[in-house]
Each structure stands twice: as C-alpha cells, then as structure tokens.
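Here is a short note for a colleague who is opening this structure for the first time. Please read it with the model on screen.

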Amino acid sequence: MSLTIDLQSIKCLDEVNEASASEEPYVLITSANLRPTLGPVALPRFQVFRYGVWEDFDEGEVKGNSGPAFWGVDSTPEDVQSSGDVALIVSLMENDNGDPGQYRTFVNAAVAASLTSTLGETDQELRAQRLLTDVEGALDGVNFPFPFALDDDHVGSVRLTLGC
C-alpha cells in the first residue's frame with residue numbers, strides 16, 4: 001500500500017506557563033524505513049522533520065500545519081509492505097531559548113547512529129524501540145543548567161504505529 005502521512009494540526013491541551021504567557025511548541029518527527037534495502041550495502045533510510053514553532057499558543061487552541069508529509073521518507077507516497085517496516089517517532093518540544101534546528105541536528109545524528117548500529121537486527125520491533133530510546137536520549141541529553149544555551153524542553157516522545 002502506497003501512502004503519505006502528514007501533520008494536519010496541533011492542539012494545546014495544557015499550558016505550563018514557565019517564562020512566558022503562552023506556549024511555543026514545535027514537533028520533531030523521525031520517519032524511518034526499516035525495510036532492508038537491496039544491494040551490497042544496506043543504508044538506513046530516514047529523515048527528521050521539524051514542524052513549528054507555533055507562537056502564542058494557549059490552552060484549548062488548535063493550530064494548523066502546512067508542512068510536508070513525513071511518510072514517505074522523502075515526502076512522496078511510499079509503499080508500506082508491513083507496519084513493521086515503518087518507524088515513526090513523534091517528539092514534542094517547547095521552545096524556550098534554544099534553536100530548534102540544533103535539536104533536529106542532534107536527533108538526526110542519534111537516528112543515524114541508532115539505525116546503523118541495528119542494521120543486522122532482524123526484529124524490526126526491537127529496532128523501532130531502540131530508535132525511540134535513542135531519540136529520547138538525544139533530546140533529554142542536551143539540556144544545560146545555564147540559560148540561553150539549548151534549553152528547550154523535551155515534553156515527550158512517542159512511537160506512532162501503523163495498523164496495516
């Protein structure tokens with residue numbers, strides 16, 4: 001089955017109000033095709049997409065998104081032969097003073113390392129769970145105790161699974 005998946009909208013369920021009157025969320029979505037590639041070298045196929053920062057976002061509000069599809073990996077329709085071939089990690093971030101592009105770079109490096117280290121693993125569920133753990137570790141590991149240096153908050157990450 002060939003399909004695309006995209007982020008249509010985001011809703012603020014709860015406002016934390018740390019240093020500002022409103023939230024400034026953004027979403028990082030890791031899209032990975034775990035299906036083995038043909039050929040002599042099996043390279044991981046993935047992309048980390050960033051959506052937002054949505055500013056002045058208050059409890060109960062819904063904001064639309066017009067960004068690209070995050071599946072297929074290159075934002076064009078792609079076949080899904082088995083739900084186990086797809087790993088989608090959705091990470092919600094709160095923008096404080098950090099650079100969302102830097103967080104995307106950290107996640108990109110963590111995903112490349114994670115998928116490369118599990119290339120020989122035949123259990124795709126294990127690979128996807130390891131990917132989630134490594135993305136969470138990358139986002140949780142870049143908080144510093146002084147202001148204005150990579151201090152965006154990692155609200156949480158979940159694995160989105162397909163029911164096909």
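The points below go from the overall layout to single residues and pairs.

1. **Ground rules.** This is a predicted model, in which local features need pLDDT of at least 70, side-chain atom pairs count only at pLDDT 80 or more, and totals for chains, interfaces and linings use all residues. Residues are numbered from 1 along each chain as its sequence is written, and side-chain values use heavy atoms, with hydrogens and water left out.

2. **Layout.** The protein has two helices and eight strands. Both kinds of element are DSSP runs numbered from the N terminus: helices are H or I with at least four residues, strands are E with at least two. From the N terminus the order is β-β-β-β-β-β-β-α-α-β.

3. **Burial and surface.** Of the 164 residues in the protein, 40% are buried. Buried means under 20% relative accessible area, exposed means over 50%, and partly exposed is in between (1.4 Å probe, protein chains only). The protein exposes about 8500 Å², and carbon and sulfur atoms supply 53% of that area. Accessible areas come from the Shrake-Rupley method with a 1.4 Å probe; for residues, only the protein chains shown count as cover.

4. **Contacts across the sequence.** Take the contacts between residues at least 6 apart in sequence: 76% of them join residues at least 24 apart. A contact means heavy atoms within 4.5 Å.

5. **Phe57.** Where does Phe57 lie? Phe57 sits in the loop between strand 4 (45-51) and strand 5 (62-64). Phe57 is buried, at a relative accessible area of 1%. Residues up to four places away in sequence aside, Phe57 touches Ile10, Lys11, Cys12, Glu15, Ser22, Glu23, Pro25, Val62 and Lys63. Take Glu23 from that list. Phe57 and Glu23 are 34 residues apart in sequence, and their C-alpha atoms are 5.0 Å apart in space.

6. **Glu24.** This residue belongs to the loop between strand 2 (9-11) and strand 3 (25-33). Glu24 is buried yet has no salt bridge. A salt bridge needs a side-chain nitrogen of Lys or Arg within 4 Å of a carboxyl oxygen of Asp or Glu. For Glu24, the nearest side chain of opposite charge is Lys63, 9.5 Å away. Lys and Arg count as positive, Asp and Glu as negative; His and the chain ends are not counted. What does Glu24 contact, leaving aside neighbours within four places in sequence? The residues are Val53, Trp54, Glu55, Met93, Glu94 and Asn95.

7. **Salt bridge Asp85–Arg35.** The count comes to four salt bridges. One of them joins Asp85 and Arg35, with the closest N and O atoms 3.8 Å apart. Asp85 lies in the loop between strand 6 (78-79) and strand 7 (86-94), and Arg35 in the loop between strand 3 and strand 4, so the pair ties together parts that are 50 residues apart in sequence. Asp85 is buried at 11% relative accessible area, whereas Arg35 is partly exposed at 22%.

8. **Salt bridge Glu125–Arg159.** Here the closest N and O atoms are 2.8 Å apart. Glu125 is in helix 2 (residues 124-140) and Arg159 in strand 8 (residues 153-160), so this pair links parts that are 34 residues apart in sequence. Glu125 is partly exposed, at 45% relative accessibility.

9. **Salt bridge Asp134–Arg130.** The two side chains meet at 3.2 Å, N to O. Asp134 and Arg130 are about one helical turn apart because they are four residues apart in helix 2. Asp134 is partly exposed at 22% relative accessibility. Arg130 is partly exposed too, at 38%.

10. **Aromatic pairs.** How many aromatic pairs does the structure hold? There are two. Rings of Phe, Tyr and Trp (its six-membered ring) pair if their centres lie within 6.5 Å; planes under 30 degrees apart count as stacked, over 60 as edge-to-face, and the rest as tilted. Phe49 and Tyr51 are stacked, at 6.4 Å centre to centre and 15 degrees between the planes. Phe49 is buried at 4% relative accessibility, and Tyr51 is buried at 1%. Tyr103 and Phe106 are edge-to-face, at 6.3 Å centre to centre and 90 degrees between the planes. Both lie in helix 1 (residues 100-117), three residues apart, about one turn of the helix. Tyr103 is buried at 0% relative accessible area, whereas Phe106 is partly exposed at 30%.
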